[in-house]
Amino acid sequence: MSAAQPVVLIAEELSPATVEALGPDFEIRRTDGADRARLLEDLRDVDAVLIRSATQMDAEAIAAAPQLKVIARAGVGLDNVDVPAATEAGVMVVNAPTSNIISAAELTCGHILAAARNIAAANGSLKAGEWKRSKYTGLELYGKRLGVIGLGRIGALVAERMKAFGMEILAYDPYVTTARAQQLGASLVDLDELLERADVVTIHMPKTPETVGMIGDEQFARMKDTAIIVNVARGGLVDEDALARALEAGTIGGAGIDVFSSEPATDLAFFAHDSAVVTPHLGASTAEAQEKAGVAVAGSVRLALSGELVPDAVNVAGGAIHEDVRPGLPLAEKLGRVLTALVGEQSITAVEVEIAGEIAEHDVSAMRLAALKGVFTDIVSDQVSYVNAPVLAEQRGVECRLTTTAVSESYRNTVTVRAATAQGTQTAVTGTLTGPRQVQKLVGVDRHELEVPLADHLLVFAYQDRPGVIGVLGQALGVQGVNIAGMDVSRDDEGAALAVLTLDGALSGDTAATLAAAIGAARAAEVDLSV
């Protein structure tokens with residue numbers, strides 16, 4: 001009987017290309033994310049959920065989905081996802097941060113033009129049967145100054161496009177260098193100078209406690225009375241009450257607003273002014289942006305449900321994973337599980353992950369996550385993922401550090417995972433990848449060197465070497481009908497031996513403990529990597 005396919009729930013309308021990008025490996029279900037009762041019911045046995053902005057994935061919804069592994073937002077903002085609750089539950093949260101940048105930049109430019117030339121008001125007037133050319137005299141953009149607050153990806157695209165209109169570009173962004181601004185043809189200035197000199201001000205900042213309301217009464221008072229303010233970034237960056245006061249008093253000349261503090265918004269005070277152009281959060285509302293967002297998160301879902309780390313997941317620390325590093329992630333995870341088995345019932349207080357060899361020149365921070373995931377997989381009953389493994393460590397007071405060295409004596413690269421326990425013991429396991437097929441091997445346990453493939457079923461014994469031990473193990477396993485696929489024994493100068501056996505199947509009951517007693521093993525562990 002074949003294993004059931006992972007279930008992917010699509011909670012909102014997404015492009016056909018999204019489903020196509022998911023491929024045939026999943027069971028696709030659909031629901032109405034805005035129907036709360038139906039959503040909670042439909043989440044109970046799904047592995048992934050794809051949403052846009054109408055579905056609220058809060059703590060209640062996440063708790064209703066015990067199998068959930070990934071929440072995929074086909075867009076940029078995550079206001080409708082409780083990221084801390086997802087992290088606590090080990091659920092990866094992914095979005096599509098670059099999918100709408102062109103659409104958002106183009107809408108920004110549209111708002112600038114619409115506000116500068118009174119397009120919306122003139123359109124409404126003419127359709128109402130009026131012909132009032134003089135009433136809608138506008139502002140020519142050529143030779144004027146555009147002030148860009150936030151010179152990131154979208155801000156840079158807006159600057160590039162508006163330069164084609166002959167505008168001079170001023171920019172405020174504390175995280176952008178002068179050299180980068182010069183590349184974009186912009187002059188870096190402080191915020192007050194930008195507000196005082198710009199004829200059009202457009203905001204492209206993230207929504208944080210520091211940026212909410214960053215354009216309010218004081219900032220409007222600094223602007224020219226003909227200036228236009230545009231916000232297609234995040235609702236709340238512009239104080240909406242202050243904007244209404246500025247338009248009413250003629251402190252500024254106009255506004256173009258696509259996003260609001262609370263949505264849907266249909267009756268804000270500044271809507272009454274003809275000089276305010278408003279749209280209902282259309283920044284990402286193009287067919288192209290929706291398709292790019294859906295395809296991007298579909299790819300992330302595929303990675304997440306195959307157990308791989310998604311580097312750009314919003315609640316996973318790390319970055320892009322180099323192709324030379326990626327094969328080492330499952331190795332590090334398995335080493336973490338082997339380590340836990342060897343430590344047994346002792347309480348781990350610290351974990352160290354050491355990466356040695358050529359790969360140490362790359363960013364190997366994901367190795368730490370993978371090792372922690374392995375360490376906790378067989379310790380806790382909750383789902384463990386790359387997301388919540390660091391949270392589990394913090395909750396249990398387990399210190400974890402990553403060290404690197406370019407020197408690897410016996411192999412091209414090695415991964416070592418060490419644990420210290422409250423009982424005062426230290427345990428270390430080392431692994432590597434060998435050959436063109438990148439075979440995962442266990443090559444060290446504490447001071448013992450060996451070379452054993454990391455098979456699904458391992459038996460590890462530490463004992464005082466003497467004749468007949470191997471025979472005892474072989475006979476006992478033969479009685480159980482369990483075949484020994486491979487074995488390596490390492491012995492130090494004092495006769496302390498370590499045997500690692502790879503088996504074709506799992507042992508029954510307390511066989512490992514019985515075998516350990518039969519050979520007088522100081523330590524024994526059975527490791528099941530098949531699940």
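Here are legends for a set of close-up views of this predicted model.

The model is a prediction, with local features needing pLDDT of at least 70 and side-chain atom pairs counting only at pLDDT 80 or more, while totals for chains, interfaces and linings use all residues. Residues are numbered from 1 along each chain as its sequence is written, and side-chain values use heavy atoms, with hydrogens and water left out.

**View 1. D25 and R302 meet in a salt bridge.** A salt bridge here is a side-chain nitrogen of Lys or Arg within 4 Å of a carboxyl oxygen of Asp or Glu, and the structure holds 27 of them. In this one, the N to O distance is 3.1 Å. The two partners come from distant parts of the chain, 277 residues apart: D25 sits in the loop between α1 (16-22) and β2 (27-30), and R302 in helix α12 (residues 287-305). Helices (H or I, at least four residues) and strands (E, at least two) are DSSP runs, numbered from the N terminus. D25 is partly exposed at 39% relative accessibility, and R302 is partly exposed at 30%. For these labels, buried means under 20% relative accessible area, exposed over 50%, and partly exposed in between (1.4 Å probe, protein chains only).

**View 2. R222 pairs with E196.** This salt bridge has an N to O distance of 2.8 Å. R222 belongs to helix α10 (residues 217-222) and E196 to helix α9 (residues 191-197), so the bridge ties together parts that are 26 residues apart in sequence. R222 has a relative accessible area of 30% and is partly exposed; E196, at 40%, is partly exposed.

**View 3. D465 reaches R491.** The closest N and O atoms of this salt bridge are 2.7 Å apart. D465 is in the loop between β19 (457-464) and α16, and R491 is in strand β20 (residues 484-491), so parts 26 residues apart in sequence are tied together. R491 counts as exposed at 57% relative accessibility, whereas D465 counts as partly exposed at 29%.

View 4. Helix α5 (residues 101-116) meets helix α7 (residues 153-163) at an angle of about 50°, with the axes 9 Å apart. Axes are lines fitted to C-alpha atoms, for helices over the stretch in contact, and angles run from 0 to 180 degrees between N-to-C directions.

**View 5. E263 and P264 are joined by a cis peptide bond.** Its omega is about 0°. P264 is placed in the loop between β11 (254-257) and β12 (276-278). For background, most peptide bonds are trans, and most residues other than glycine have a negative phi.

**View 6. N118 has a positive phi without being a glycine.** The angle is about 55°. You'll find N118 in the loop between α5 and α6 (119-127), and N118 is buried, with a relative accessible area of 16%.

**View 7. D446 is a residue other than glycine with a positive phi.** Here phi is near 55°. D446 sits in the loop between β17 (439-445) and β18 (448-453). With a relative accessible area of 33%, D446 is partly exposed.
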